[in-house]
Structures are given as structure tokens and as C-alpha cells.
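Hi,

Here is the model I promised to pass on.

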Amino acid sequence: MNTKTTFGVPLEQVLIRRKARISVAVIGNPNSGKSTLFNRLTGLRQSTGNYPGVTVEKHVGTTQLTACAVELIDLPGIYCLSGHSADERIAVDVLLGRIANTPKPSGLLVVVDATHLYQGLYLLEQLLEVSIPTVVAITMSDVALANGISLDIAALSKRLGGTPVCEVVAKTGKGIEQLKVALEGLPHQPQRGFPESWPQLSLAAAQLSDKSGGSIARIDIIQALLHPENPMDPKMQNLLQNKSVPEIRERLFRGQPPQAEEARHRYLWARETVQEVQQHAPAISRFGARLTRWLNQPWPATVMFFGVMVLVFQAVFSWATPIMKQIELLAAAAGLAVTERLGENAFASFVADGVIAGVGSVVIFLPQILILFLFVIILEDSGYLARAAFLMDRLMRTVGLSGQSVIPLLSSFACAVPAIMATRVIPDRRDRIATILAAPFMTCSARLPIYALLIAAFVPQQYLGVLNVQGLVLFGLYLLGIAGGLITARLLKSSALRGPKPVFMLSLPEFRWPNTPTVLIKLMDRVKVFLKRAGTVIFSVAVIVWFLAYYPRAEINSVLKSGQPSVSLPAVPAPKAANEAAALQMEQSWLGRMGRYVEPIFLPLGWDWRVSSAVIAGFPAREVVVAVMGTLYAVGSEADDASLTQKLRSATWPDGKAIFTMPMVLGLMVFYAWCLQCAATLATIRRETNSWRWPVFAWGYMTSLGYLGALVIYQAGTLIWS
Amino acid sequence: MTLADLKPGQSACIRRIDTSKPGVVRLMVLGLTEGTMVRFEHAAIGGDPLEISVFGASISVRRQQAAFFDVAPEPAL
């Protein structure tokens, strides 16, 4: 093929993007390095969307080959085509072309982890039944080699009926070019015979397919035979009414569960294949491998788990502070510059106090949220979250759940929305709902801004040994959220959601270093989501709050004049006068009037109308609270360069007593830990449980719990304090 | 003897599986089938769940399910 030229120019030099002509599904076991390979092949030419009707994310990218481009669809990692969970179902549905707007793939790229060849071969054999052109990519062969295992690729390819097999190291790019050549050859692949592992099943399905006149594909018949419990369309039902079918079933399954028989046949073949293609060499005894083996033992692993958690909270506080100080200074300087440039008028106030103070007060927390997400992504990518599930299963059993709930609960430290979606791996519906209702209690990244603000303002910056006291308080708040969630799950599991003990099983991936590009791509996704929220929801709320606080204008001049009627009184210093005017303006603004209405409800918690208004504004999205406080305490304040923390410290009741006393601050933080202030979470609960009952219950329950917690702490704390 | 009775570090070959019990078929799909050599690595704190390895892949199994797998242990080395 030396004629790959266009008008005398080598095709490689033609800089036009070729349109994707074929679409290939990328599929493999969880943690097989599938996403890393996908990212390597597509680079940044990928997009994330949703499959219609379900919330599983759809990742699509294109890779440029020499003569054409290929569209790659990254499917969720699965072990089999049996479809216990939503992820597995979507993968099967895409493969078999049952999803609207997603054409049936014309080829498969099956990713097999060389260190988990046994389980990889099982899925691979199931996929070969789909009988579309297939390429196999063997990943992690460098790790396998270090463990003393190399693979005979030619023998493996022969075992797979001549399916092309390529060894790739996604990290270094080794083997990627050969893989691209193999992808290019997909449309010209010759027809394969039946997979070797269970030819009787393939043959029976092929004969039934012939009976249907070829209108039903072999793979669809296999799926129907193996999963009699699944609903099937009338055509299939009709076909399986055939009088030969009971005899076929008996011959294939011998009265056993069909999937058990499938596992017996295919794994028998997989064992023979592994023995044939694996060549053993002396293992390079790496210190790292021995260390991880030691760390996986129960006690070291459990100690390390808590060590990692403490490290995360320390890092969130200590590492982010310098960057946050810079952003804070920048926001203050920008606000001041605007006021100087535009003078004292409504527009200047709008820009400085509404937009910059409001949105700026949330953007400040970007560094902390980045660090938190970075840790969660690394824990996920290194396979550590599954380890945590194993370690915590025993503990979760005491609240009636299983280790399977640990992964969603840990990821809800970043955000409850993806966490609630992640509960779809939990097979039992009752366990799943209990986990969904526990998830919003976990301290998500949106709670971080208010915690960070209050802790920085009111908890002393001291060290207890090596531990930062502020970090410890934050850790305590996380524990408070965990306790709230677990107690809730326990209560539900022993009342409304009572059921049999959950079955727990999980594949435990080995620890592996996360792949930097994969981590960065995931992190950028989260940053985009955060900034989009800051630019839309938080921006709008900040603007509305500014408007309600700025209008209607008080007659400041007349107030000032009438405020100084007699020269005999000691002269009021100018800043103080301005401050009083600002307070007066705030009080008679629309927001001030509204605040007065709700103040009685929150007075028992020690909140003034400004805190109350901020908390109410935070019900759609809790991080708005900081933005609202930023705006409320910025409007008309005399010291624009003072940080929000200083403004909070000096806030007083009309009688001069401080508003933010220790009991009030602690109560506010407890309210925050337990209250469900997130419309997105409620919408997700509604969608995932398919009823209004659970979101309504979650909202009412968590809000009352937060209110009661804050009430008890404030009232008891004030008694003890005074 | 069942999978739940092995000692840490002990290997065994799976002999018979009671497929009628809950959760058992799903463990078979992960590779625990008759004739497979498995190794009991260790249990989590509290003695449950168990970490079982098959051909280098680790699977977490609760004691309750492990007891449905009859095994022939290898003599301890």
C-alpha cells in the first residue's frame, strides 16, 4: 500500500480532519486501563454526554488513522454481559444496538489486562459471540512482566480464532501504532468461526437464528437463552416457543442456572488458554510490589485508610491557603479599582458588591475543591476505593448495608450527584435507597466554602503537635456528616427498608499509579462544572441579592443631616456615620424587610436576618450562602478592602453584642452538615428512585435535623458560655 | 471443607458449588468455578469479608457465600 497519496501529497501531510467512518466500542473489565487507552487514542478530541433516558455517561472520541478516522465509544467497565447493574445493561444495550441515537458499533476494541487475563478472557469470549470485527488490546503487560509473566501473543490470537491482538502500554505509547493499524483493518476482517469456549451454545443459537430466517442475530438468541428472566420482544418469544427449545435448554444447562453453566464452560477454556499463552519468567521482585502486598493486609490497610483520610483534610486546608489568599486579594483589589474608576453609583456598586464580591467569594474556594477532587480521582484511579469497600464492609454491616455502599459514600465527599448515580452498582433496591439517603449527609465540596469561611474566621490557627487545629475541626465536621448518614441508613434499614442481609462481592484491583493525563482530564471536567455553576447559578443569585439589598435607596443625605442636628454632641467620626447609613440602607431594603419576616424562625439559633437570608438563599445550591454573605456584608460597607472573615468577626446585633459567637458558629456548621440544600441532589434522588416520596422525605428529614442540631448546640452552648 | 475454612495464605481447588444459594452464580461469573485453584489471602478486620485470589485477581467474598464452595486444600507449604 504505497499509493496512499492525494494529488501527489502524502496523505499524512494533508491537514484536514477526516470524518469518522466507522464507530468502534471500547470495552473491558473495570480497572483494565480502558479509559487510559481511550484517552491515549483520542486525546482531547472527546465529548461527554448522556445516553437518552438513563444517566450513565456516554464518552465518545475520534482517533485519526492513516486513511480514515474511527469514532470510539468508551463503555463502562464490566465483567460479563449478564447485566446485574445499570452500567452493565447500558454496555450490553450499546453493543447490541438497542439504544436510540447510538448506532450499533461496527467494530469492537476489547481491552484485556495482562495481569487479569483469566477474567478478561471470559468477557472476551462472550464478546466474540457478537460476531462483529474485533481487535484485542492487551494492557499492563509491563506490570505482568515485572510480576514474571509474559504472553505468547501469536498463540493467544490463534486461540481467539485469528482475532488481531496487540500489546500496548498506554503510558508510554508503546504498541499504539500497531493498534491503530489493526483498527484500520477492522472493516476488512474475515469472518471468524464460533468462539472455542462453548461451541455447543454458539451452534444451538446459530441453528435457531437460521430458523428465524436470519432475522434474529445469534448473540440476541444467546442472551435470551442465558437470561430467561429478562423481558424479550414478541419475535424472540415466538422463536423460543419452538418445540426443540426445551430439549436445547436441557442439553446445554443440565438443569443448572444458565449463567453458572456458562461460567463453567468459558472459565474451563480460560484456564487452558492462560496455561498455554502465559510464559513464566523469574519475577522481578520489586520493592513496590512487596510493599503493596504488605499494605493490603488488614491492619496496615485499615490504619492507612484513616491516615489517607486525615491527610486529605489537612491538605485541603494547608495547601490551598496561599493560593486562596492571592485570589482574595485579587478580588478585593478588583472591587476597589471598580469603585475608584466608576465612582459612587448604582452601577459601580452592582459590579463591585454584587458581581465581584458575590462570585469572587465562591471562586476563592476553587483551590480547595481542586485538591479535594484531585484526591478523590486519585483514590478512584489507583483502585483504592474498592480496597476501602473491602475494609469497611464489616462496619457497614452494623448499619445494615454492605461494602458496596462505601464507594458511593466516599465519592459523595466530592459531590452527592455522581455518588447517587454510583449507587447503581448496588443490586438490592432497599440497600440502594438507604445509600442514596445517606449520601447527601457526606460533606460535599459545596459545603467546603462555608466551613472554610467559618473555620478561618473563628477557629484559632494553632497546631496540636503536627496537626492543624483548623484541619481537625474540619475533620470533625466530616465525621458529623458520616455519623448523620450512617445513623439514617441504620434507622431506615430497621424500619421502612427492612430486608434480607445484603450479599457482598467485589473485585479488588491491585494498587496502581494513576495515569496523569487521565487524572487531569477528569479534574478539568470537575473544574468546568464548578466554574459553570459559579458563572450561572451563583452569579444570578448574587445579582438578585445585590438588587434586593441595594433598593429601594434610603434618603441617606437627609438621614445624615437629621443624624447630626446639634453641634453640641461629640462629633461622629465620618466612617462610623457612613457605616450607620449603610446599616440603615440595608435594614430598609427589600432584602432587609424580607429578612425581618423570617428572623423569628431562626432567632432561636442565634442568627440575625442576614445569616437567615443567606441560608434561605442557599436552598437551591448551598455554596450560594457564601456568595450572599459576601454581597450582604459588602453592600455599603466602609472598608471595602476588609476580607469577609473580618467583616463577620465584627458583625454585631443592634445592642452591640457579637452575632458570631462560638455556639452560634458551631450551630451554623452543624446545620450545614445535615441540611439538604441542593436542588441538583433532590432532582437526582427523584430520578434514581423514580418517585417523589424519597426526595421529599430526604429534604424534610435533613432540614429538620439540621435545624434541631443547630438549636440544641446554640441554646446549650450559650448556657455554658455565659 | 469449604472456602470459608481455609487458613490465610492457603491454596485450594474448588470441587463443588451449591448454585442454588443467593449470590453464588455471580461469584462464578467472576471466575470461581469447579477446577479453579484459589488462594485465601486474608480476612478484613473482624474476620469478614475474605480476600480470595484467582489467577492473580483478588475478589472480596463474604464468609456466608464462601461456605457454599467445597474445596480440596493444597497441603500447606
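Let me start in chain A, where Leu109(A) sits opposite Val135(A), a residue of β8(A). Before going on, some housekeeping: this is a predicted model, in which local features need pLDDT of at least 70, side-chain atom pairs count only at pLDDT 80 or more, and totals for chains, interfaces and linings use all residues. Residues are numbered from 1 along each chain as its sequence is written, while chains are lettered from A and ligands numbered from 1 in the order in which they are written.

Back to that strand pair. β7(A) (residues 107–113) and β8(A) (residues 134–139) run parallel and share six bridges; strands pair here if DSSP finds at least two bridges between them. Helices and strands are DSSP runs numbered from the N terminus (H or I, at least four residues, for helices; E, at least two, for strands). To get from β7(A) to β8(A), the chain passes through helix α3(A) (residues 117–128) in a right-handed β-α-β crossover. Right-handed means that, with the strands pointing away from the viewer, the path from the first strand over the helix to the second runs clockwise. Six of the seven residues of β7(A) are buried, so the rest of the structure largely encloses this strand. For burial, I count other C-beta atoms within 10 Å of a residue's own, with C-beta atoms placed from the backbone: 20 or more is buried, 12 or fewer is exposed, and in between is partly exposed.

Now chain B. It has two helices and five strands, in the order β-α-β-β-β-α-β from the N terminus. Its radius of gyration is 11 Å, close to the 11 Å of the globule rule for 77 residues, so chain B is as compact as a globular protein of that length. (That radius is over C-alpha atoms, and the rule is 2.2 Å times the number of residues to the power 0.38.) Along the principal axes, the C-alpha atoms of chain B fill a box of roughly 30 × 25 × 20 Å, and 47% of its 77 residues are buried.

How do the two chains meet? In total, 32 residues of chain B are in contact with 34 residues of chain A, a contact being two C-beta atoms, placed from the backbone, within 7 Å. On the chain B side, α1 (24–29), β2 (37–43), β3 (50–54) and β4 (57–61) each supply at least two residues. That side divides into 15 nonpolar, 12 polar and five charged residues.

- Asp48(B) and Pro49(B) are joined by a cis peptide bond, with omega about -10°; Pro49(B) is in the loop between β2 and β3 of chain B.
- The bond from Tyr551(A) to Pro552(A) is also cis, omega near -15°.
- Phe55(B), not a glycine, has a positive phi of about 50°; Phe55(B) lies in the loop between β3 and β4 of chain B and is buried, with 20 other C-beta atoms within 10 Å.
- Asn690(A), not a glycine either, has a positive phi of about 60°, but Asn690(A) counts as exposed, with 8 C-beta neighbours inside 10 Å.

Cheers

How values were computed: Nonpolar A, V, L, I, M, F, W, Y, C, P; charged D, E, K, R; others polar.
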